[in-house]
Amino acid sequence: MRREDFPILNKQVHGRALVYLDNAATTQKPQVVMDAIIEAYSHWNANVHRGVHHLSQVATQNHEEARKKVAKLIHAQSEEEIIFTKGTTDSINMLARSFGDAMVKEGDEIIVSQLEHHSNIVPWQMLCERKKAVMKVIPLREDLSLDIEAFKGILNKKTRLVSVAHVSNVLGIVNPIKEIVKLAHEKGIAVCVDGAQSVPHLAVDVQKLDCDFLVFSAHKMYGPTGLGVLYGKKKWLDKLPPAEGGGEMIEHVSFEKTTYNVLPYKFEAGTPNYVGSYAFGKAIDYMQEIGLENIASYENDLAKYLEQQLSTLPNIHVYATNQPKAGAVSFNAYREDGTLIHPFDVGVLLDRQGVAVRTGHHCAEPLIDHLQVPGTVRASVAMYNTKEDIDTFITALKKAIMMFL
Ligand code: PLP
């Protein structure tokens, strides 16, 4: 799938052709995205929203066009519901501050799950400390899927918010978000979906999911670093206070009283990353040219092939097999005596053969603790990967394991 659009994929690493399977951490960028950044700084760089001059107007128009593209991508009702942030982590921290200030009081409960990324745990933990609220955790079943029966049991009238990953960054499992939202809404509880690993791989429709908030990062979907999105239903964003103060987010400022800007600017303090948003818009165009459904089905085939090939190897344990998945597959390798080969060692030996994977806790220590291992090896695919990449990876993995047997 248009591999030639990604110049970095022609690189050699340690004298071998690069096989990049660390896409859940960040994706590589197509030439159009890189060109957009050069174009912005070469032709129309100026601060947005405040200038009457030509360049500022072009910059503002480009930034706001990008917002419309994001709204369309996730089927938001309007671009007012799209807040640009620095990334998923920033989006969740902003929400925890804003929602937390307005909606959470002592004794209230926030629900996350056992498989969350630290970004979807720590900001809520910090909120719970500030407000003397309580964090509840959806446990996992034996097959590592979310225990929905247990979830029903912990939802109660003290629950203020449920914040869950759409797709696990470690296991690749697609969680039943629609069902989670439905169950929470039946009790009048809001849901935030961590879409960092779903928006890059699935056609996500916030109206169909009916989630109250969705957060994701541009850099995991062929866009630039330093940019992310906090989507919120208008009814929530209207009612919530801004998380940060400064320029852009105000209507009038005086020492007696400050009034806030309209949506979405109320939540965007300071100069926004308008070059990043423009480049992200180009990444979205790129994905849409290929087609979100086409990307999803291509990657799904690839991830299945990856899982199958891994499962045929002796001494490999693949986590959460035969479940709906998107993008990532985690596994561990064992010696013949059953002792674990440390994932870090596997990762280093793969790297020596030009294969980039991620090893360790993947910023999800509670999940790794649950698995009772020091970490996993994670291979994750993007639209530019091929079956040949997977074959090269499997050959390299066999060689790496041989060294430990
Ligand atoms: N949530 C999930 C599920 C992730 O996979 C990641 C990044 O790996 C994050 C949150 C944090 O994203 P970022 O580092 O772009 O803020």
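In which loop is the place of Pro264? Select Pro264 and you land between strand S12 (258-260) and helix H9 (274-290). Helices and strands here are DSSP runs numbered from the N terminus (H or I, at least four residues, for helices; E, at least two, for strands). Show the backbone there: the peptide bond from Leu263 to Pro264 is cis, with omega near 0 degrees.

A word on ground rules: this is a predicted model, where local features need pLDDT of at least 70, side-chain atom pairs count only at pLDDT 80 or more, and totals for chains, interfaces and linings use all residues. Residues are numbered from 1 along each chain as its sequence is written, and side-chain values use heavy atoms, with hydrogens and water left out.

Next, pick His14, in the loop between strand S1 (12-13) and strand S2 (16-17). Its phi is near 50 degrees, a positive value in a residue other than glycine.

Now zoom out. The chain has 13 helices and 18 strands, and its C-alpha atoms fill a box of roughly 70 × 55 × 35 Å along the principal axes. The radius of gyration, taken over C-alpha atoms, is 22 Å, which agrees with the value near 22 Å for a compact globule of 405 residues (the rule is 2.2 Å times the number of residues to the power 0.38).

A ligand nitrogen is 2.5 Å from a side-chain N or O atom of Asp194. A ligand oxygen is 2.7 Å from a side-chain N or O atom of Gln197, and a ligand oxygen is 2.7 Å from one in the side chain of His219. Alone, the ligand exposes 390 Å², and the protein buries 85% of that (Shrake-Rupley, 1.4 Å probe).

Last stop: select helix H10 (residues 292-311), which gives the largest share, eight residues, of the largest pocket's lining.

How values were computed: Polar contact = N/O pair within 3.5 Å; in protein donor to acceptor, adjacent residues only side chain to side chain.
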